Structures are given as C-alpha cells and as structure tokens.
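Subject: Structure handover

Hello,

Here is the structure for your files. My notes on what was found in it follow below.

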Amino acid sequence: MKKGISLLAILALLGCKEDLVKKPEHLIEKSKMMDIMYDLALLEAVKYQNPAVLDYNQIRPKQFIYKKYKIDSLQFAQNNIYYAADYKNYKIMFESVVKRIANEKKRVNSVIKLEEKKDKIRIDKLKKKSQLAKKSKDSIATLKTKKGSYMELKEWKH
C-alpha cells in the first residue's frame, strides 16, 4: 500500500515536468538516449543470464555505456530524470527500445536457424563422403578378394 502511494506521488510529481525538472545543461538527444537505454537493457540481460561473460571480459555495464557514449554518470542521471519526467514520451521511448530488442531477437534467431541448416547440410555431406569412402574400401577389398581368388584358381590349375 505504501509503495503504491509512493509510486503515485512520484508519478504525479513527474507529471509536472516543466515545474520540477529543468533541461540538463548537456542534453543527450532523444535518439542517443534510446540507444543508451537499448544497450543498458542488453547488458543487464547478459548480467543476469550469464554474468560470467561480463566478469571474464571485465565489463561493468554502466561504465561501458559511459565510455561508449562519452558521457558521465551525472549527465546520464540528469538526462534520464529529464526524459522520465515526461512519462508519456518516456513510455514511448521505452516501448521503442522493447520493440528494437524484439526485432533484434527475431533477426538473431533467423541467423541461428540459418547456421543450423548450414551445419546440418555440412554434416550430411560429411556422412555421405564417409559412406562413399566406406563403400569404396569395400569395393577395393572385394576386388582384391576376387583377384586373389582368381590368382589362386589360376595357380591351382597349373
């Protein structure tokens, strides 16, 4: 109950963007902010799905973002508050990021399926080559056996 009231109070305060939140001195443009949100979402997903990858590569998500976009933590925080103060536009930005993630997931899944098909074709070709090589060996062995039998027959007649 307390959390709900707190959330409503915060949303009400954020709804008054012009009164409470001033435009940051170093405003990050909206498209760049959405890119930052996208990258943060991906890094956070990696952090929770496979934290060893980040640890192994010594990547700290927020520091990575700051370096990549040449911003600092204060600039990011001020801009995030500024954009979040306009709840409707922030929600649209967030939905756009979610849609981008979904599209990227579809693209990656398509690439994975394509690679799996290619791998299956490669495996099938290797199996066929192996089977042909085995048949070839069997044919040679049969010929040797037949030739040996013919030679033995020829020697036996003499």
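Accessible areas here come from the Shrake-Rupley method with a 1.4 Å probe. On that basis, the accessible surface of the protein is about 13500 Å², and carbon and sulfur atoms account for 60% of that surface. Please note that this is a predicted model.

Overall make-up: the protein has 7 helices and 0 strands, so the pattern along the sequence reads α-α-α-α-α-α-α. Of its 158 residues, 16% count as buried. Among contacts between residues at least 6 apart in sequence, 74% join residues at least 24 apart.

Helix packing: helix α3 (residues 30–49) packs with helix α6 (residues 73–85) at an angle of about 105 degrees, and their axes are 12 Å apart. Angles of 65 to 115 degrees count as roughly perpendicular, and α3 and α6 are therefore roughly perpendicular to each other. On the α3 side the contact is made by K30, M33, I36 and L40, and on the α6 side by F76, N79, N80 and Y83. By type, the residues of this contact are 5 nonpolar, 2 polar and 1 charged.

Core: the largest nonpolar core has 20 residues, of which M33, I36, I65, I71, F76 and M93 touch the most other members. At least two residues of this core come from each of α3, α5 (61–69), α6 and α7 (87–157). The largest share is that of α3, with 7 residues. Leaving aside residues up to four places away in sequence, I65 touches I36, D39, L40, L43, K70 and I71.

Regards

Key:
Residues are numbered from 1 along each chain as its sequence is written. This is a predicted model: local features need pLDDT of at least 70, side-chain atom pairs count only at pLDDT 80 or more; totals for chains, interfaces and linings use all residues. Side-chain values use heavy atoms; hydrogens and water are left out. Axes are lines fitted to C-alpha atoms, for helices over the stretch in contact, and angles run from 0 to 180 degrees between N-to-C directions. Helices (H or I, at least four residues) and strands (E, at least two) are DSSP runs, numbered from the N terminus. Angles under 35 degrees count as roughly parallel, over 145 as roughly antiparallel, 65 to 115 as roughly perpendicular and the rest as oblique. Contact means heavy atoms within 4.5 Å. Ala, Val, Leu, Ile, Met, Phe, Trp, Tyr, Cys and Pro count as nonpolar, Asp, Glu, Lys and Arg as charged, and the others, Gly among them, as polar. Buried means under 20% relative accessible area, exposed over 50%, partly exposed in between (1.4 Å probe, protein chains only). A nonpolar core is a set of buried Ala, Val, Leu, Ile, Met, Phe, Trp, Tyr and Cys residues joined through side-chain atoms within 4.5 Å.
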